[in-house]
Amino acid sequence: PALVMRWGLEPITLSHVPWAHGVGASLLLSSSYVACLYLVPSKKDRDHPETILQRTLAVTCVSALAPVAVYALSTPGDDTLWDILGFSANTALRSLSVSLGLIATLFAGPLLQDLLHGSFEMPELSVVTLRNLVIAPLTEEFVFRACTLPLLQPSLGDTRAIFLAPFFFGTAHLHHIISGQPVGLVCFQFLYTTVFGWLTSALFVRTHSIAGPVICHAFCNYMGFPDMPGALESKHTKILRFAYVAGLASFLLLFGPLTRA
């Protein structure tokens, strides 16, 4: 317990991490996250409760070990490990509120579309919902954002780290090919998750908290990819087109000012 308290709360810094060590550790963390999903192979579907439980335990173990890799590359400094990983109470509420407001603005079109078409529904209470809205957002954002970005920022800088880190996240979703999903669909998921990763990486870097990326991840998993063909075919197409464009434009205009430290 004393050791855990020491490496969790003593002042450290990652400012001296070489780029090769940072990139190498990021690759190790991302590949470990994906590899652990198949360490306990299941013959059942990925949505079967038994498979979800096995994979939840596996990614939880990787998530628990990830901070150790970060700490191993640190030197004495001014911040605690948990502050570096985005667990500061001073930034959590602002990150949460700003991020939720921005992602809701970006999804103004899809939200209005669901409202007009009466397709809003509460997610059913199930292990699949728990995985999609809680487990995946928490573990993926922790490993791919909180533990990866601080390793890349010292040598690459904020902008290049934000650009590079999501490729680890997007690549992590290519494993769905093994699950039998069509290659085209998986490639689209890679593109979508990489773009999404740029957003949550920027939120993490600019708000200094993991809270915002987690709530954005859960929100996007709940909403799914916007049904733009449905919006074009809707009898409300004019107002939906306006909402889609206005939401995107407002998001782009507000992102910088709202996330500025």
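Q: In which helix is Thr51 found?

A: Helices here are DSSP runs of H or I with at least four residues, strands are runs of E with at least two, and both are numbered from the N terminus. Thr51 is found in helix H3. This is a predicted model, in which local features need pLDDT of at least 70 and side-chain atom pairs count only at pLDDT 80 or more, while totals for chains, interfaces and linings use all residues. Residues are numbered from 1 along each chain as its sequence is written, and side-chain values use heavy atoms, with hydrogens and water left out.

Q: What is the mean pLDDT of the chain?

A: pLDDT is the predictor's confidence in each residue, from 0 to 100. Where pLDDT is low, the predicted coordinates should not be read in detail. The chain has a mean pLDDT of 89, and 91% of its residues reach 70 or more. Among the elements of the chain, the lowest mean, 53, belongs to helix H1 (residues 2–9), and the highest, 97, to helix H12 (residues 237–259).

Q: Is Thr51 buried or exposed?

A: Buried means under 20% relative accessible area, exposed means over 50%, and partly exposed lies in between (1.4 Å probe, protein chains only). Thr51 has a relative accessible area of 3%, so it is buried.

Q: Which residues is Thr51 in contact with, leaving aside its neighbours within four places in sequence?

A: Contact means heavy atoms within 4.5 Å. With those neighbours left aside, Thr51 is in contact with Ser42, Lys44, Asp45 and Arg46.

Q: Which backbone oxygen does the side chain of Thr51 reach?

A: A polar contact is a pair of N or O atoms within 3.5 Å; within protein, one must be able to donate a hydrogen and the other to accept it, and residues adjacent in sequence count only if both atoms are side-chain atoms. For the Thr51 side chain, the backbone oxygen is that of Asp45, at 3.0 Å.

Q: Where is Ser74, and which backbone oxygen does its side chain reach?

A: Ser74 lies in the loop between H3 and strand S2 (75–76). Its relative accessible area is 16%, so Ser74 is buried. The side chain of Ser74 reaches the backbone oxygen of Tyr71 at 2.6 Å. Not counting residues up to four places away in sequence, Ser74 touches Ile12, Thr13 and Leu14.

Q: How many salt bridges does a search of the whole structure find?

A: A salt bridge is a side-chain nitrogen of Lys or Arg within 4 Å of a carboxyl oxygen of Asp or Glu. The search finds four. One of them joins the side chains of Glu50 and Lys44, at 3.6 Å from N to O. Glu50 is partly exposed, with a relative accessible area of 35%, and Lys44 is partly exposed as well, at 39%.

Q: Which residues do salt bridges that share partners join into one network?

A: Asp47 forms a salt bridge with Arg46, with the closest N and O atoms 3.8 Å apart. Asp47 also forms a salt bridge with Arg131, where the closest N and O atoms are 2.8 Å apart. This second pair links distant parts of the chain: Asp47 is in the loop between helix H2 (19–36) and helix H3 (49–72), and Arg131 is in helix H7 (residues 127–146), 84 residues apart. The shared partners join Arg46, Asp47 and Arg131 into one network. Arg131 is buried, with a relative accessible area of 13%, whereas Asp47 is partly exposed at 32% and Arg46 is partly exposed at 28%.

Q: Where is Gln113 found, and what is it in contact with beyond its neighbours within four places in sequence?

A: Gln113 is in helix H6 (residues 108–117). At 4% relative accessibility, Gln113 counts as buried. Leaving those neighbours aside, Gln113 is in contact with Ser119, Asp227, Gly230, Ala231, Leu240 and Tyr244. The side chain of Gln113 reaches the backbone oxygen of Asp227 at 3.0 Å.

Q: What phi does His208 have?

A: Most residues other than glycine have a negative phi. His208 is not a glycine, yet has a positive phi of about 60°. His208 is placed in the loop between H9 and helix H10 (211–223), and is partly exposed, with a relative accessible area of 46%.
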